[in-house]
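Subject: Handover of a structure

Hello,

Please find the structure below, with its sequence. My notes on what was found in it follow.

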Amino acid sequence: MRKHGGYIYHEDKMIVDFSANIHPYGMPEEIYQAMKAALEESIHYPDPDCVRLKKLLAIKHNVSSQQVICGNGAADLIFRLALILNAKNILLPVPTFVEYEEAFSTPVFEKSKIMEYPLNVETLLIEEDILEYMNPEIDVLILCNPNNPTGRLINPSLLVRMLEKAKRQNIVVLLDECFLDFVIDGKEQSMIPRIRKYPNMFILKSFTKMFGIPGIRLGYGISANLDLLKKMEAVAQSWNVSHIAQVAGITACQMEGYEEQTAKEIAKLRTWMWEELKKLPLRVWEGNANYLFFQAPGCYDLHERCLSNGICLRHCDNYRGLGADYYRVAVKKQEENEMLMQILQRCLNE
């Protein structure tokens, strides 16, 4: 089963990977050079507390460094949070990122139960009725904004109402904002400035996608719940964030304006892709992140067809609530996007 994107290692030929939503231009030169220099320093153990990285992240987000936790990728933090909370009932809008369910329903949590909230089948949005699902039995609410794989944003006013109700009912909110950096004015939509108001909220962030370093593994979380962060730190593996990863993050934090410029470029590329996808026999949703989500009605092997033509799509058949004819494609460089359209058209006409 395909659990995630980026699974191209079994292929012998050159593959253009549209399954992983990484910055279209890859790793910035500044980060590459910084990590290269960090190799010489790797004869020492890394800083186990990520002191300098946390300090720069605190400045970046205008929070205290005590409110920041770093991890070996965002997935590391999701699993640590699940371990600490050991929740019985988890409210999960579906479809969404498969890692949440994997983390919160591992075999060690015998009493955990995933409670589905189905997104609107037409818009793939969370709607007002989710408030009715947030009953006193819910321990954890998981939200992804913008959502993966749909790329859709939560209505800001509805998100605030969800946070208010969660706070009243002592529901812990895991809010994944990993792709919000790709959204124009994404910082204005972030809930990080409200962490003090909602101490029951844990916000997940990552360097992976924006800075093109998925192989380095570096994520972080922000919360005003210092006791929760302390417990998450206690269950971490020693030196779980490598020196090279920390240097990459430190360098990224000092690249002012990079994320804003990227979001503008992505918006142009994504709009072109969306318009072209709509010309094909596909059902396409307009997203806000660096990927687009579509259905190829009745075409269950489009992933395999494209793979034989040197293109790897993200087959979404393992997302809860989706059939085998749903797919996701990353926004890449224009010439690669044009190649994708040509191959999709050829494969769909077969």
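Contact, in what follows, means heavy atoms within 4.5 Å. Please also keep in mind that this is a predicted model.

Helix α9 and its two partners

I start with helix α9 (residues 243-253), which packs against helix α2 (residues 51-61) and also crosses helix α1 (residues 29-41).

With α1, the axes come within 9 Å of each other and cross at roughly 145°. This crossing of α1 and α9 is right-handed. On the α1 side, the residues in contact are Glu30, Ile31, Ala34, Met35, Ala38, Leu39 and Glu41. They meet His243, Ile244, Val247, Ala248, Thr251 and Ala252 of α9. Sorted by class, the contact of α1 with α9 holds 9 nonpolar, 2 polar and 2 charged residues.

With α2, the axes are 9 Å apart and the packing angle is about 25°. Angles under 35 degrees count as roughly parallel, and α2 and α9 are therefore roughly parallel to each other. The crossing of α2 and α9 is left-handed. Here Arg52, Leu53, Leu56, Leu57 and Lys60 of α2 meet Gln246, Gly249, Ile250 and Cys253 of α9. The residues of this contact between α2 and α9 are 5 nonpolar, 2 polar and 2 charged.

The loop between α1 and α2 contains Cys50. Phi of Cys50 is near 50°, a positive value in a residue other than glycine. Cys50 counts as buried because its relative accessibility is 3%. Trp239 sits in the loop between α8 (226-234) and α9. Phi of Trp239 is likewise positive, near 50°, and Trp239 is not a glycine. At 42% relative accessibility, Trp239 counts as partly exposed. For background, most residues other than glycine have a negative phi.

The nonpolar cores

Which residues have the most contacts inside the largest nonpolar core? They are Met162, Phe207, Leu277, Leu302 and Leu313, in a core of 85 residues. The largest share of this core comes from α9, with 7 residues. Apart from this core lies another, of 27 residues, including Val94, Ile114, Cys144 and Leu204.

Leaving aside its neighbours within four places in sequence, Leu313 is in contact with Ser19, Phe294, Leu302, His303 and Cys306, among others. Tyr327, Arg328, Val329, Leu340 and Leu344 are also in contact with Leu313.

Helices α10 and α12

Leu340 and Leu344 come up again in the contact between α10 and α12. Helix α12 (residues 334-349) packs against α10 at an angle of about 10°, and the two axes are 11 Å apart. α10 and α12 are therefore roughly parallel to each other. From α10, the residues involved are Leu269, Trp272, Met273, Glu276 and Leu277. From α12, they are Gln334, Asn337, Glu338, Leu340, Met341 and Leu344. By class, the residues of the contact of α10 with α12 are 7 nonpolar, 2 polar and 2 charged. Leu277, in this contact, was also named above for its contacts inside the largest core.

Lys264 lies in α10 too, a helix that covers residues 258-277. Is Lys264 buried, partly exposed or exposed? With a relative accessibility of 47%, Lys264 counts as partly exposed. Lys264 and Asp185 are 79 residues apart along the chain, and their C-alpha atoms are separated by 9.5 Å.

Glu102 has a relative accessible area of 23% and is partly exposed.

Cis peptide bonds

Where are the cis peptide bonds described here? One joins Asn145 and Pro146, with omega about 0°. Another joins Asn148 and Pro149, with omega about 25°. Pro146 lies in the loop between β5 (140-144) and α6 (156-168), and Pro149 is found in the loop between β5 and α6 as well. As a general point, most peptide bonds are trans.

Regards

Technical notes: Residues are numbered from 1 along each chain as its sequence is written. This is a predicted model: local features need pLDDT of at least 70, side-chain atom pairs count only at pLDDT 80 or more; totals for chains, interfaces and linings use all residues. Side-chain values use heavy atoms; hydrogens and water are left out. Axes are lines fitted to C-alpha atoms, for helices over the stretch in contact, and angles run from 0 to 180 degrees between N-to-C directions. Helices (H or I, at least four residues) and strands (E, at least two) are DSSP runs, numbered from the N terminus. Angles under 35 degrees count as roughly parallel, over 145 as roughly antiparallel, 65 to 115 as roughly perpendicular and the rest as oblique. A crossing is left-handed if the near helix is turned anticlockwise from the far one by less than a right angle, and right-handed if clockwise. Ala, Val, Leu, Ile, Met, Phe, Trp, Tyr, Cys and Pro count as nonpolar, Asp, Glu, Lys and Arg as charged, and the others, Gly among them, as polar. A nonpolar core is a set of buried Ala, Val, Leu, Ile, Met, Phe, Trp, Tyr and Cys residues joined through side-chain atoms within 4.5 Å. Buried means under 20% relative accessible area, exposed over 50%, partly exposed in between (1.4 Å probe, protein chains only).
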